[in-house]
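Student: I would like to learn how to read helix packing, sheets and contacts from a model. Can we work through one together?

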Amino acid sequence: MTLWLQPADVVQLFDAFWRGSVGTASAFFSGTLVRAIPLALIGVGISIAFRAGVFNIGGEGQLLLGAVAATIVGLHLDTSAIIMIPAALVAAAVGGAAWAGVAAFLRARFGVLEVISTIMLNFIAANLVSYLVRGPLQEPTRVYPQTEIIATAARLPRLWPTTRLHAGIVLALVVALAAWWLLARTAPGFRLRAAGASATAATVAGRIDVARVSFGALVMSGALAGLAGGIEVSGVTYALYENLSPGYGFSAIAVAILARLHPARVLLAALLFAVLETGALGMQRDAGVPSVVALALEAGIILVVVAFQRQRA
Amino acid sequence: MSLAADAGAPVGALELTGISKQFGAVRALDDVSFTARSGSVHALLGENGAGKTTLMRIAYGLLRPDGGSLRLFGEKVDDHSVRRAVHAGMGMVHQHLSLVPSLTAVENFVLGRRGIFRPRDVSRELIALSERAGLRVDPGTTVRELSIVEQQRLEILKAPAGGARILILDEPTSGLAPAEIEELLRWIRGFASGGGTVVLVTHRLREALEVADDITVLRRGRVAHVAHGVSDAAGTRPSTEELARTIFPETLEAAPPTPMTPSAGETVVELAGVTLTDARGVIRVRSATLSARRGEIVGVAAVEGSGHRELLRAMAGLLQPSDGRVTLPQRIALVPADRLRDALIGEFTLVENVALRGAGTRRGLMPWESLAQTTDALIERYDIVAPSAAVPARALSGGNQQRLVIARELSGELDLVVADDPTRGLDFRASAFVHGRLRDVAARGAAVVVHMSDLDELLSLATRMIVAFHGAVREVPPVRDAVGRAMLGGE
């Protein structure tokens, strides 16, 4: 831990951070960009929910359910890639939407705060995955707590053969721009923003069914987190296992807030977070910084960025 | 009236000299001098944004002036603060009462004090104080269950612990029934004759003339008119018209009186045996039966908490009856009481706020370009002062926000207009504008149902009167005395 005191070590630290995140083509394309994809997708979903005044903290659980759904399709469906990939991703979105739908139902029917229910659903989802990869979905040899590798036809194509960057990045870009358009240009998007900005004015002046809008926003937000989970399975891991996500669902909340809930800005914020995370991993790997220190450093940087942004706002 | 300390010669209890205050580019107060004498009532008048509230906030130590000086009982105060003001026996009762609804009267009474106190002791203190002041309040009742009048009494008692010598009352009569207003004004007079000083901030000229010894009129941050000894028999009493002219030097066009027997058309809204329940399950309106026809302006008079809010919400289609039948027309406009909560979204632009109307049923894309044109046209036609249609609604003054709401709600073909206190917090000119628009839509064939907290204003506008009291609704002849009695449950 004496590394803080030595200038040479500081240089080494930065060097490790640089090389781990953006300094080399492989780090940037195979590491950072790949990591930015789920952050962007979930971040867009969370922005939509927050804009509607619904505090979806359950991105992590919804991502896991999406991953489960995509894995099941990837293991059991056996046709061409043209059908397999869309089927896996649609299943993932439906899985995430259904998981968020539980919270949306509890909110609409019993008035359960979604902040509570989505957190609880995160725990249930994590335990569900643990059970599945040791039980019904475990690989045939029954040695490892994971599923079998999904069919090749269910895997997302790589954009660049020499890197791990996959077609999911195109989806993330399309989703972010579509969400932007939805919020800015369409009537449902306007209802969503109005309901979130003032539920009373939306109800009284706009005759907007706020409960329905909130329900839709939470479900849509879950669908995007689920899609992110499906893309992780079909583009990166090719199998389901525990700790499939290094907390994407939580980091994405910070991403959305940093982007001030603006879908297009989420893309930039997601990239920044991915840089911080891969850089921190690089420091752990090359400079021998313990991972806790790297993560604390990352969190510290986020705090500084957010505080600075708040001050200007 | 031993609440007021004994005062000797009628010296200036509160003396403000050459006060100036700048907010950004706006000169809120410019060299304003104001003296409230001991043992007198001083009315402070002026239109919205004239600087009345700013001046009183400075007097109470809530705001620091840019220039000028302040004296309390002849003594110059250099670093004024709320603490100094309270120490000198000054109390300020705001227009929006600042009590905690879920706490009892006595809990609210001690709120903000330091240290430890025994409930029994403070209860006794409150009772003793309320007896001395002649303001009855039950210490154990939660504020939510107190009437507006009782809440106001509590605020006055709470103001400076140990007894007030100077009271600043900001629009204290809004939401009260005539008899309650008279009682309050009587109390104010009594307080002053006992040596106390009252500054009455109001836009009701009648009240000012009825109770005030001195009158100061502010206009655009400057003193426009001062009248001393108004209550003396010397004959210096100005008329309501004279006062109105000093407040608005621009000629006030007299509003055309509403025809008393309009050519009322078909019935567009009908309530039959309607019972309404609020969110907490409390019955607010019990088996109400009433109707309104095209061309009518139906006034709904009531003191706060009588169930009239719920009645209007039901007529706007926002509250489903728990019993009975409500028949509503297709095209309903609503002007709610709380602009920034129910009608506008502060951070949305004017265009987006205009787009709010009908947003619930709109399909497809938002036609932003035509909405922007509509908004520009409304700004033009309704004289809304706004830098552009792209600024947030919050940037507009209260009067202009209300104009925007009126513009949005009252344009186009309408069957029914429901307006809940549409002139709340507006000055004469803005109010006159609202009256004109409501008369217009009635003349164009809509039924108008309107509640106003100022009974005289309501009577000048309405063609029929309905009074709500404790959830019971009945029609009353549109005569001040009859309506005033019915508002308090009398026959």
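This is a predicted model: local features need pLDDT of at least 70, side-chain atom pairs count only at pLDDT 80 or more; totals for chains, interfaces and linings use all residues.

Student: How many bridges join β1 of chain B to β4 of chain B?

Tutor: Five bridges link strand β1 (residues 12-23) of chain B with strand β4 (residues 67-72) of chain B, and the two run antiparallel. One of the positions to look up is Glu15(B), whose bridge partner in β4(B) is Arg71(B). As a general point, side chains in a regular strand alternate between the two faces of the sheet.

Student: Which strands does β11(B) pair with?

Tutor: Strand β11 (residues 267-277) of chain B is joined by seven bridges to strand β12 (residues 283-293) of chain B, running antiparallel. Four bridges join β11(B) to strand β14 (residues 323-327) of chain B, again antiparallel. Glu270(B) shows both pairings: Ser291(B) stands opposite in β12(B), and Thr327(B) is the bridge partner in β14(B).

Student: Now two helices. At what angle do α10 and α11 of chain A cross?

Tutor: For a helix pair, read the approach of the axes, the angle and then the residues that meet. The axes of helix α10 (residues 248-258) of chain A and helix α11 (residues 263-286) of chain A come within 8 Å and cross at roughly 130°. That angle is why α10(A) counts as oblique to α11(A). The crossing is right-handed.

Student: Which residues meet there?

Tutor: From α10(A) come Ser251(A), Ala254(A), Val255(A), Ala256(A) and Leu258(A); from α11(A) come Val266(A), Ala269(A), Ala270(A) and Phe273(A). By class, this contact has eight nonpolar residues, one polar and no charged.

Student: How is chain B divided into domains?

Tutor: The domain assignment gives domain 1 (12-247) and domain 2 (267-357 + 369-487) of chain B. Their C-alpha centres lie 30 Å apart. The contact between them takes 16 residues from domain 1 of chain B and 16 residues from domain 2 of chain B. On the domain 1 side, α6 (178-193) and α8 (240-247) of chain B each supply at least two residues, and the largest share, three residues, comes from α6(B). That side divides into seven nonpolar, six polar and three charged residues.

Student: How many residues does each chain give to the contact between chains A and B?

Tutor: Chain B contributes 20 residues and chain A contributes 16 residues. On the chain B side, helix α10 (residues 339-343) of chain B gives the most, with three residues. The residues of that side are 12 nonpolar, two polar and six charged.

Conventions: Residues are numbered from 1 along each chain as its sequence is written. Chains are lettered from A and ligands numbered from 1 in the order in which they are written. Axes are lines fitted to C-alpha atoms, for helices over the stretch in contact, and angles run from 0 to 180 degrees between N-to-C directions. Angles under 35 degrees count as roughly parallel, over 145 as roughly antiparallel, 65 to 115 as roughly perpendicular and the rest as oblique. A crossing is left-handed if the near helix is turned anticlockwise from the far one by less than a right angle, and right-handed if clockwise. Two residues are in contact if their C-beta atoms, placed from the backbone, lie within 7 Å. Ala, Val, Leu, Ile, Met, Phe, Trp, Tyr, Cys and Pro count as nonpolar, Asp, Glu, Lys and Arg as charged, and the others, Gly among them, as polar. Two strands pair if DSSP finds at least two bridges between them. Domain bounds come from an automatic or database domain assignment.
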